[in-house]
Amino acid sequence: DDVIDDAPMRRGQPSVQGRFGRKAAVLGGDYLFCRCFSLIANILSGYPERFTDFSNGMTRVCLGEIEQLRQNRNLDLGLRGYLRIISGKTAALFALASYAGAILAGEPESSARQHGRFGFLFGMLFQVMDDCLDYEDDESDARKTVRHDLAEGVVTPPLIFAIAREPRLRTLAGTVFSDPADLREVLGDVVAAGGLRDSW
């Protein structure tokens with residue numbers, strides 16, 4: 001995620017790519033994916049019927065990231081389209097973790113599905129909140145790199161709501177920002193238009 005976002009910080013700590021570079025981060029991520037599937041394979045020996053659930057969940061995460069990239073700088077993306085993206089890239093991961101935890105704890109299928117639904121909704125909430133933090137001023141408060149989404153053309157609720165209130169922001173937000181002062185000005189306009197407040 002940090003490689004995709006080109007983020008030097010994550011949750012108040014230097015990201016792997018920030019400390020060691022993109023190549024090390026990509027290779028580290030590949031290694032973690034391999035370990036993940038190795039662990040899943042070991043677990044699924046006792047739950048062979050669950051393999052499709054796990055593989056489908058991970059596929060949805062990847063497809064969500066691809067769809068976000070495909071919709072980059074699409075200022076016609078509405079709230080429904082945004083929610084569809086995060087239902088894959090974030091919520092599917094939270095749902096899978098919650099569902100798997102319940103299965104491994106011996107919960108019946110109906111209970112595991114409820115846990116999965118909770119994880120899905122929690123993941124949706126988490127991503128909206130994370131996207132709101134990108135419009136906050138202080139990186140130490142947000143514990144992540146801020147003012148990144150708008151600069152990279154990622155359309156999130158603060159921008160969606162602000163454009164709905166102030167259509168003139170559509171043109172400004174479509175800019176490829178070369179001057180940090182211009183970016184700060186548009187971010188301020190989004191906040192002033194109520195985009196951040198409406199998103200929270």
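View A. Arg22 is partly exposed, with a relative accessible area of 44% (buried means under 20% relative accessible area, exposed over 50%, partly exposed in between, with a 1.4 Å probe and protein chains only). This is a predicted model, in which local features need pLDDT of at least 70 and side-chain atom pairs count only at pLDDT 80 or more, while totals for chains, interfaces and linings use all residues. Residues are numbered from 1 along each chain as its sequence is written, and side-chain values use heavy atoms, with hydrogens and water left out. The side chain of Arg22 forms a salt bridge with that of Asp6 (3.4 Å, N to O); a salt bridge is a side-chain nitrogen of Lys or Arg within 4 Å of a carboxyl oxygen of Asp or Glu. Arg22 belongs to helix 3 (residues 22-44), whereas Asp6 sits in the loop between helix 1 (2-5) and strand 1 (9-10), 16 residues apart. Helices (H or I, at least four residues) and strands (E, at least two) are DSSP runs, numbered from the N terminus. Asp6 is also partly exposed, at 43% relative accessibility.

**View B. Asp198 with Arg165 and Arg197.** Asp198 meets Arg165 in a salt bridge (2.7 Å, N to O). Arg165 lies in helix 9 (residues 157-165) and Asp198 in helix 12 (residues 195-199), so the pair ties together parts 33 residues apart in sequence. A salt bridge also joins Asp198 to Arg197 (3.7 Å, N to O). Asp198 is partly exposed at 27%, whereas Arg197 is exposed at 55%.

**View C. A network of salt bridges.** Asp53, Glu109 and Arg113 are linked in this network. The whole structure holds 8 salt bridges.
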